[in-house]
Amino acid sequence: MSAEQETTQETVTASGSIKSRHKRFLWIAVGLVFVVAIVALVLNALGSSITYFYSPTDVMQNKAPQGRAFRVGGMVEGGSVVRGTDGLTVYFNVTDTAETVSVVYTGILPDLFAEEKGVVAQGKLDDHGVFQATQVLAKHDENYVAPEVQAALDEAHKARAAETLKQ
Amino acid sequence: MIPEIGQFALILALLLLAVQGTLPLVGASKGISAWMALSRRTAQGAFFFLALAFGCLVYSFIVNDFSVLNVANNSNTKLPLIYRISASWGSHEGSILVWVFMLGLWSCAVSIFSKHLPEEMVARVLGVMGLVSVGLLLFLLLTSNPFDRIFPVPAEGRDLNPLLQDPGMILHPPMLYMGYVGFSVAFAFAIAALLGGRLDATWARWSRPWTTLAWCFLTVGILIGSWWAYYELGWGGWWFWDPVENASLMPWLVGTALIHSLAVTEKRGTFKVWTVLLAICTFSLSLLGTFLVRSGVLTSVHAFATDPKRGMFILTFLAVVIGGSLALFAFRAPKVGTAGTFKILSRESALFANNVLLIVACGTVLLGTLYPLFLDALNLGKISVGPPYFEAVFVPLMVPMIFLMGVSAVTRWKEATLPDLWTRLRWAAVVTLIVAIVLPFILGRTSPKSVALLGLGFGMAFWIITSALAGFFDRAKYVEGSFGAKLTRQPRSFWGMFVAHIGVAVFIIGVTAVKGFEAERDVRMAPGDTVSVGGYTFRFEGTANRDGPNYHATRGTFELSKDGKTIRKLYPEKRMYFAHGMPMTEAAIDSGVFGDRYVSLGEPINDDKQSWSVRVYHKPFVTWIWAGCILMTLGGLLAMFDRRYRVSTRRDTGKPSLPSSDSVKLENA
């Protein structure tokens with residue numbers, strides 16, 4: 001920014017006062033147009049490529065959007081992984097221990113995908129409430145649990161603890 | 001015993017660095033030369049102890065000393081020697097030690113190669129680097145001690161994360177860190193200039209080679225990381241806009257702006273304040289990169305299990321460094337003043353515009369990377385910002401930048417005229433337009449979208465190449481003699497720029513071709529099945545078992561052929577590492593100048609035919625992406641070894657820089 005001022009000031013001192021004032025306005029105008037263009041570009045791009053994260057509980061409470069891509073995360077439910085006859089389609093359930101969401105994915109799963117392990121899937125809900133995943137995310141370390149997944153599990157845990165207290 | 005020596009060496013280094021970070025700075029402001037003279041000795045002494053500590057850690061890894069927690073967590077007796085060594089920087093603790101060690105290395109290098117600098121300057125530069133080192137060394141000792149012991153001593157280590165057991169990962173972190181840490185030199189020079197009030201062309205000439213070298217390391221570091229992700233993660237992509245990748249891209253973008261702004265400061269004596277600000281920003285972003293990766297605040301496919309205490313420490317450190325240096329900047333920068341004038345149409349303004357575009361590009365990447373963190377911190381929901389955002393924002397910013405890159409190479413300093421520019425650039429413009437319009441159709445594309453993509457991409461690449469050539473012929477006019485003389489009489493800094501810019505063109509060609517022509521298929525294959533992609537045929541011949549030193553592997557055999565002619569066999573593997581119980585995919589790649597053929601094994605499918613799910617790719621020109629990065633690095637190195645950085649040092653008197661003889665001619669012409 002400072003160098004921009006530098007140039008403006010230089011042009012100010014270099015030329016006459018009225019002319020220089022015009023020039024300064026011109027510079028400010030150019031700067032404003034540039035800033036507005038960038039902001040418009042960024043907002044437009046952000047609007048169309050933000051993906052929200054929901055826990056299976058959120059999805060079951062219809063908090064997740066219909067017809068728009070989002071991410072769902074939790075643990076892969078034990079014993080829920082089933083392969084389709086084509087060998088590439090995989091069905092599994094994602095759970096936060098309170099609720100579960102059925103997920104379908106066609107393609108090759110990441111290496112660290114396993115039952116009873118954390119998973120994040122990106123995709124859309126179809127009309128039958130099945131999550132059609134376009135991407136299943138990997139992690140790099142078997143000790144690592146994505147913060148969202150951890151939060152979703154903690155949330156469900158807290159909710160259940162509150163339930164037990166009420167009873 | 002050895003780990004204790006390492007620990008002790010770290011403490012001694014801390015004491016020396018504390019001296020290095022205080023007395024020379026005080027000495028420089030009070031004019032006490034004995035205190036200033038301490039800076040070199042302490043920097044070299046601290047480096048000795050840091051090297052000793054690092055040596056102790058490597059030794060502990062080599063001899064499998066599992067009584068050291070860090071070794072027990074990240075190594076294994078079955079781990080091959082080379083990976084035991086690289087495991088020293090594979091873990092969090094080790095990588096921070098390497099960070100500090102490299103900071104010591106850079107400080108030591110400054111202390112050796114600064115004979116011609118005024119004593120005051122050296123004292124300030126090394127003093128600032130000492131302060132930064134103290135902060136990071138405290139971080140290491142207080143939150144991530146690499147020499148912590150464990151009792152009872154485990155009989156066997158937990159092994160290095162299999163993803164890191166790879167040649168690319170031996171080199172990627174050290175190169176990246178050399179880049180990050182190297183920008184501390186530019187930062188220290190900037191702070192020293194602010195403290196001393198001396199900010200002129202000579203100052204720019206001193207800090208320029210250091211900054212360029214750091215930039216070269218960072219470029220190579222990012223390149224190796226990208227290459228590793230490409231073949232090791234098995235997803236076939238070379239850039240994912242992952243937060244951790246962005247963390248390394250941001251200092252690169254601002255660092256690129258910095259080396260160009262330094263060029264203007266050296267040649268023309270302008271942009272001083274701007275250059276100082278960029279130097280501060282570049283290093284701050286390097287620190288931010290370390291913070292983002294090491295604190296675990298990012299949701300990232302790269303993220304490893306981390307400790308929140310560490311995040312707080314780095315965040316505080318970051319606030320102190322960035323806040324402190326910006327405050328100093330605010331107080332002192334106006335005193336530094338401005339000098340030199342130039343018109344709107346001049347090389348200065350073209351470079352400045354590109355600087356702004358690079359900064360804005362960095363800003364948008366920063367926004368996309370941190371936005372999810374802000375929303376999460378404010379409890380407004382958990383989101384992720386995907387590659388479409390970055391692509392949608394980045395490309396529109398890069399198009400004018402590439403255009404100006406070509407223009408600035410032939411524009412005169414101070415003042416240029418449009419007719420003159422047109423004379424210099426008309427051939428470049430015509431060739432570029434023809435290529436951009438015709439090439440997509442020659443390559444057989446007709447859909448408007450892919451014609452636009454290819455036209456834009458190849459157009460930008462050819463614009464860079466042709467305008468760089470125009471720049472060369474422009475300069476060649478002022479050199480008498482044969483064509484050979486014209487080639488050899490250009491200064492190395494010119495060839496540096498030329499090669500680096502051609503590297504950008506090569507990179508763009510690679511990106512465009514991969515984007516436009518890549519083909520990917522996920523298929524189920526039984527032995528004997530074939531699959532075709534991009535004109536190549538892969539025939540699956542079956543799998544066999546193979547044992548590595550610390551893993552079992554299932555190795556698939558694929559025959560790669562084109563038009564019925566066998567090219568070679570490919571052997572992708574699915575490995576199961578003993579210690580982690582973690583499966584790993586090793587892709588097999590047939591790499592060539594015009595593209596890669598890539599195959600990786602998915603999972604075995606439980607049927608009677610022993611089928612596997614298999615992923616195959618054809619990636620045209622993907623190697624050009626990395627070749628482009630290598631050219632950029634070579635360009636940087638060439639520019640760094642320009643004669644004037646050595647010759648001019650003797651006649652250095654603090655006067656504004658003497659432009660090299662050729663550019664004088666160019667300006668006078």
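Me: Before we start, what am I looking at, and how is it numbered?
Reply: This is a predicted model, in which local features need pLDDT of at least 70 and side-chain atom pairs count only at pLDDT 80 or more, while totals for chains, interfaces and linings use all residues. Residues are numbered from 1 along each chain as its sequence is written, and chains are lettered from A and ligands numbered from 1 in the order in which they are written.

Me: OK, chain A. How many helices and strands does it have?
Reply: Chain A comes to 4 helices and 7 strands. Those are DSSP runs numbered from the N terminus, with helices being H or I of at least four residues and strands being E of at least two. In sequence order the pattern reads α-α-β-α-β-β-β-β-β-β-α.

Me: How much of chain A is buried?
Reply: 33% of its 167 residues. Buried means 20 or more other C-beta atoms within 10 Å of the residue's own, exposed means 12 or fewer, and partly exposed is in between, with C-beta atoms placed from the backbone.

Me: And E4(A), covered or open?
Reply: Mostly covered: E4(A), residues 89-95, has 5 of its 7 residues buried.

Me: Which strands does E4(A) pair with?
Reply: E4(A) pairs with E5(A) (residues 100-106) in the antiparallel sense over 7 bridges. Strand E2 of chain A (residues 70-76) is also antiparallel to E4(A), over 2 bridges, and so is E3(A) (residues 82-83), over 2 bridges. Pairing here takes at least two DSSP bridges between the strands.

Me: Who sits opposite whom?
Reply: Phe92(A) is opposite Val103(A) in E5(A). Met75(A) faces Thr95(A) in E4(A), and Arg83(A) has Val90(A) as its bridge partner in E4(A).

Me: What about the hairpin turns?
Reply: E3(A) and E4(A) make a hairpin with 5 residues between them, and Gly87(A) in that turn has a positive phi of about 85°. The hairpin of E4(A) and E5(A) has 4 residues between the strands, with Thr97(A) at a positive phi near 75°.

Me: Why do Lys414(B) and Gln610(B) count as partly exposed?
Reply: Lys414(B) does because it has 17 C-beta neighbours inside 10 Å. Gln610(B) does because it has 13 C-beta neighbours inside 10 Å.

Me: Which peptide bond is cis?
Reply: The one from Phe151(B) to Pro152(B), with omega near -5°. Pro152(B) is in the loop between helix H7 (119-143) and helix H8 (167-196) of chain B.

Me: Which residues touch the most others in the largest nonpolar core?
Reply: Ala186(B) and Phe189(B), in a core of 218 residues. H8(B) gives the largest share of this core, 19 residues. A nonpolar core is a set of buried Ala, Val, Leu, Ile, Met, Phe, Trp, Tyr and Cys residues joined through C-beta atoms within 7 Å. There is also a second, separate core of 22 residues, with Met525(B) and Tyr536(B) among them.

Me: Last one, how is chain B divided into domains?
Reply: Into domain 1 (1-160), domain 2 (172-182 + 197-319 + 330-412) and domain 3 (519-623). Those bounds come from an automatic or database domain assignment.

Me: How far apart are domain 2 and domain 3 of chain B, and how many residues are in contact?
Reply: Their centres, taken over C-alpha atoms, are separated by 37 Å. The contact involves 4 residues of domain 2 and 9 residues of domain 3.

Notes. Contact = placed C-beta atoms within 7 Å.
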